[in-house]
Amino acid sequence: MNPHRHQRGAALLTAMIIVTLIASLAAGMVWQQYRAVQIEAADRARAQSTWILQGALDWARLILREDAQANRQKPVDHLGEPWAVPLAEARLSTFLAADRTAASDDDGPEAFLSGSIEDAQSHYNLRALLSGTKVPELEQRVLERLCTQVNAPPGTATLIIAGLRAAFPAAASGAASAVEAGASESESGPLRPASLDQLAWLGLDDATIKRLQPYVVLLPKATPVNLNTAPREVIAALFDGVDLASAERLVQGRKASPLQNVTDAANFLPTGVTLDTSRVAVMSSFFFVTGRLRLEERQLEQRSLIERQGLTMVVRARERINQLVER
């Protein structure tokens, strides 16, 4: 065999191996650079989304603060006030464009923002079931009536009551303070749900929770139901001897003239109904604020629970949901 030909073959093989290695390294570098660009773009989009949704939350806090300031003399909250008007979807593509001076309707991502404020005290607060060493009979009947109205499975009310009182043993035994309640929590007991969705920890299925969601809420502390914002189903369940027709009369009556005090509700309800100001009110302190950002094929939603303490707005909870938009 010719030694020169053998050397040329070895040199060619070595050259091919080197080229292959260089190509592999180059492909790896290009892939890493591509991934780095993707990660940077995702981080930038996440930061932009956070700023925009924070802006929506600040808008809601300002609206609620202005409402509290306007109602300082006569604190009444109803569905005819500015906070109850949802923020229509608005296009924000120009604000998210990389170069704002060159932004136009055709460049940059398609981004839309919408939002709403909902009175959390328009729902029945499950905290009412935790007062005292025994479940208040009236509150148990309220929950049973609500479960019947939404066609929840039999035994749902009993399951909720047993689960909540096991998760909050100190509150159920009449602990005087939140500190005392936290100190006496059993480590082996069930997890404490902080929202309605977390009632699944107590054994409720998703379908039942969705049926109860328009009428029931779990707030950080006991609150009365606002008769100016509550749906007729909640109003009918709150009182013994009140049916949906009577509750509907109240709903229609408050549209023409919002209730200025609790006793005004007696004009629409059957005679003999007890209006306890610890259970019902015409003003609210807790609100749900929902900000929704639609960015191309994705939608990011942030839901916050705000407690209004005078003119101070305190964010009690915050939840984000990222989902694909169906087309």
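Which residues touch the most other members of the largest nonpolar core?

**View 1. The largest nonpolar core of the predicted model.** Among the 48 residues of this core, Tyr124, Leu126, Leu164, Leu238 and Phe239 touch the most other members; a nonpolar core is a set of buried Ala, Val, Leu, Ile, Met, Phe, Trp, Tyr and Cys residues joined through side-chain atoms within 4.5 Å. At least two residues of the core come from each of α3 (137-149), α4 (156-167), α7 (206-212), α8 (232-238) and α9 (244-256), where helices are DSSP runs of H or I with at least four residues, numbered from the N terminus. The model is predicted, with local features needing pLDDT of at least 70 and side-chain atom pairs pLDDT 80 or more, whereas totals for chains, interfaces and linings use all residues. Residues are numbered from 1 along each chain as its sequence is written, and side-chain values use heavy atoms, with hydrogens and water left out.

**View 2. The surroundings of Leu238.** Beyond its neighbours within four places in sequence, Leu238 is in contact (heavy atoms within 4.5 Å) with Tyr124, Leu138, Val142, Arg145, Val225, Leu227, Arg279 and Val280.

**View 3. A nonpolar surface patch that includes Ile17.** Leu13, Ile17 and Leu21 make a patch of about 290 Å², the area coming from the Shrake-Rupley method with a 1.4 Å probe and, for residues, only the protein chains shown counting as cover. Ile17 lies in helix α1 (residues 3-70) and counts as partly exposed because its relative accessibility is 46%, the classes being buried under 20%, exposed over 50% and partly exposed in between (1.4 Å probe, protein chains only).

How values were computed. Patches are made of residues with over 30% relative accessible area and no salt bridge: like charges are joined within 9 Å, nonpolar side chains (Val, Leu, Ile, Met, Phe, Trp, Tyr) within 5 Å. A salt bridge is a side-chain nitrogen of Lys or Arg within 4 Å of a carboxyl oxygen of Asp or Glu.
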